[in-house]
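Subject: Handover of a structure and the findings from it

Dear colleague,

Please find below the structure that I am handing over to you. My findings follow it, grouped by topic, so that you may read them with the model open.

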Amino acid sequence: MNYIDVHCHLDGGHYGDLTALFTALRQAQIKKLIVVGVDVETSEFCRSLAKVHDICRFAAGIHPTELKNYRDGDLEKIAEIASDENCVAIGEIGLDYHYPDTDKPLQRRIFTGQLQLAHRLGLPVQIHSRDCAEDMLALLKEHSALLSNGALMHCYSHSPEIAAQLLKLGVYFSFGGTSTYSGSKKVKRVIASLPPDRILTETDSPYLPPKSLAGHFPNTPASIPEILLNIAHIRGVTEEEAAQTVWANAHKLFKKL
């Protein structure tokens, strides 16, 4: 079985010996994973991981909730990191209106700048979107020409109706551990409604463990089989069929995989 985690975070020192973690991931049949940066420092860390571990590729970007540390020149640094042969996407980028002190204009400006960067480099984007569905949809429609290399809505949590609009822009969707919980009815409706060629699997490790590991930290990419099996059940297909479809989708979106 070919399992892939298209969005995880392995920085922060949560895992101890990362060599042991990668050994465990191979034993769990995780054949490829994309480690994702949230600022310049973590993007550089992701680049270093991809140089050492052959199952690993990476994305470089500045997360909307990390903009308090943003400095002039950071986008240029991300561009340099993203020029690496192992960089498959610009991410994690996007909008997040969850916190009351959110600087929305700054988030939109830096997000747009990173969409432009991805377009210039010929890379897809990995998008974070929380509590901002209407603004996100409007911004992506406005800048749809910048999505020509592909876009992923990571850990998608908005409505099926918003998903239908995003599909028209060519967007892909990835789902993680939260989709395995019985209370995740909206996400399950989205999974059931999407065409098969737009669905991907992720863990967002070390966060969002699946149902069998509820309350456990850190989550790891070894949770992908449980997430994939849940998607297969929702869609009424075999696990093998779901795995083959997700694998193909990932390589179509992230052409440098």
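This is a predicted model: local features need pLDDT of at least 70, side-chain atom pairs count only at pLDDT 80 or more; totals for chains, interfaces and linings use all residues.

Val 171 is found in strand E7. Leaving aside its neighbours within four places in sequence, Val 171 is in contact with Ala 151, Met 153, Leu 166 and Arg 198. Ser 148 is 23 residues from Val 171 along the chain, and the C-alpha atoms of the two are separated by 10.0 Å.

**The nonpolar core**

In soluble globular proteins, nonpolar side chains tend to be buried together. Here the largest nonpolar core has 85 residues. Which of its members touch the most other members? They are Leu 140, Phe 175 and Phe 254. If residues up to four places away in sequence are not counted, Leu 140 touches Phe 111, Leu 115, Ile 127, Leu 147, Met 153, Leu 166 and Leu 169. Met 153 and Leu 166 are also among the contacts of Val 171.

**Aromatic rings**

A pair of aromatic rings is described by the distance of the centres and the angle of the planes. There are two aromatic pairs in the structure. One of them joins Tyr 156 and Phe 173 in an edge-to-face arrangement, with 5.0 Å from centre to centre and 90 degrees between the planes. Tyr 156 lies in the loop between strand E6 (151-153) and helix H6 (160-167), while Phe 173 lies in strand E7 (residues 171-175), so this pair ties together parts that are 17 residues apart in sequence. Tyr 156 has a relative accessible area of 3%, under the 20% limit, and is therefore buried. Phe 173 is also buried, at 0% relative accessibility.

The other pair is formed by Tyr 207 and Phe 217. Their ring centres are 6.3 Å apart and their planes stand at 45 degrees, so the pair is tilted. Both Tyr 207 and Phe 217 belong to the loop between strand E8 (199-201) and helix H8 (224-235), and they are 10 residues apart.

The charged end of Lys 104 sits over the ring of Tyr 97, at 4.4 Å from its centre. Likewise, the charged end of Arg 198 sits over the ring of Tyr 172, at 5.9 Å from its centre. Arg 198 was named above as a contact of Val 171.

**Salt bridges**

How many salt bridges does the structure hold? It holds six.

- Asp 54 forms a salt bridge with Arg 26, and their closest N and O atoms are 2.7 Å apart. This pair links distant parts of the chain, 28 residues apart: Asp 54 is in the loop between helix H2 (40-52) and strand E3 (56-60), and Arg 26 is in helix H1 (residues 18-27). Asp 54 is exposed at 58% relative accessibility, whereas Arg 26 is partly exposed at 39%.
- Lys 51 forms a salt bridge with Asp 84, with 2.9 Å between the closest N and O atoms. Lys 51 lies in helix H2 and Asp 84 in the loop between H3 and strand E4 (87-96), so the pair ties together parts that are 33 residues apart in sequence. Lys 51 is exposed, with a relative accessible area of 56%, but Asp 84 counts as buried at 8%.
- Asp 135 forms a salt bridge with Arg 108, the closest N and O atoms being 3.2 Å apart. Asp 135 is in helix H5 (residues 133-142) and Arg 108 is in helix H4 (residues 104-121), 27 residues apart. Asp 135 is partly exposed at 33% relative accessibility, as is Arg 108 at 29%.
- Glu 44, Arg 47 and Glu 80 are linked in a network of salt bridges.

**A buried charge without a salt bridge**

Asp 74 lies in helix H3 (residues 74-82). This residue is buried yet has no salt bridge. The nearest side chain of opposite charge belongs to Lys 77, 4.1 Å away; a salt bridge requires a distance within 4 Å. Not counting residues up to four places away in sequence, Asp 74 touches Val 40, Ile 62 and Asn 69.

Yours sincerely

Methods
Residues are numbered from 1 along each chain as its sequence is written. Side-chain values use heavy atoms; hydrogens and water are left out. A nonpolar core is a set of buried Ala, Val, Leu, Ile, Met, Phe, Trp, Tyr and Cys residues joined through side-chain atoms within 4.5 Å. Buried means under 20% relative accessible area, exposed over 50%, partly exposed in between (1.4 Å probe, protein chains only). Contact means heavy atoms within 4.5 Å. Rings of Phe, Tyr and Trp (its six-membered ring) pair if their centres lie within 6.5 Å; planes under 30 degrees apart count as stacked, over 60 as edge-to-face and the rest as tilted. Helices (H or I, at least four residues) and strands (E, at least two) are DSSP runs, numbered from the N terminus. A charge sits over a ring if NZ of Lys or CZ of Arg is within 6 Å of the ring centre and within 35 degrees of the ring normal. Lys and Arg count as positive and Asp and Glu as negative; His and the chain ends are not counted.
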